[in-house]
Amino acid sequence: MNTLALSAGKLGIGDAGIAAVLGYAVVFVGLVLLMAVVVLMGKAMAGTRGKAASTPAQPAAPAPAAAPSAPPAPGSAGEVKLFDVPDKEAAMIMAIVADKMGKPLNELRFKSIKEVK
């Protein structure tokens, strides 16, 4: 390209075509790179979200009944079997699950809770 022709505003048809093709190429390369970044970030976030979602789903079962022979309290869902989990931790897990699900504790039923080692 002639710098005098560009400064005077006179651009030939061949030079204009080359400038257009290079401009389109730069835009498409930028879009492809942006798409790659978005896909990678999506996979990274899905990986962390998957780990966080699987952890609370496994230990779902808190608060055992006070006395096995007594009838359940009003609003409770019955007994909970605990396997190597203290009562306090089971109650915390039950409260966390209820909070994450956005439901009242008395609407959930926990059958058992077991520590995964």
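The model is predicted, with local features requiring pLDDT of at least 70 and side-chain atom pairs counting only at pLDDT 80 or more, whereas totals for chains, interfaces and linings use all residues. Residues are numbered from 1 along each chain as its sequence is written, and side-chain values use heavy atoms, with hydrogens and water left out.

Of the 117 residues in the protein chain, 9% are buried (under 20% relative accessible area, with exposed meaning over 50% and partly exposed in between; 1.4 Å probe, protein chains only). Among contacts (heavy atoms within 4.5 Å) with a separation of 6 or more, 66% join residues 24 or more positions apart. The accessible surface of the chain, from the Shrake-Rupley method with a 1.4 Å probe, comes to about 9,300 Å², and carbon and sulfur atoms contribute 68% of this area.

Tyr24, Val27, Phe28, Leu31, Leu34 and Val38 make a nonpolar surface patch of about 660 Å². One of these residues, leucine 31, lies in helix H2 (residues 13-57) and, at 47% relative accessibility, counts as partly exposed.

Aspartate 84 is placed in the loop between strand E1 (81-83) and helix H3 (87-101). The phi angle of aspartate 84 is near 60°, a positive value in a residue other than glycine, and aspartate 84 counts as exposed because its relative accessibility is 60%.

Conventions: Helix = DSSP H or I, 4+ residues; strand = E, 2+ residues; numbered from the N terminus. Patch = residues over 30% accessible without salt bridge, like charges linked within 9 Å, V, L, I, M, F, W, Y side chains within 5 Å. Salt bridge = Lys/Arg side-chain N within 4 Å of Asp/Glu carboxyl O.
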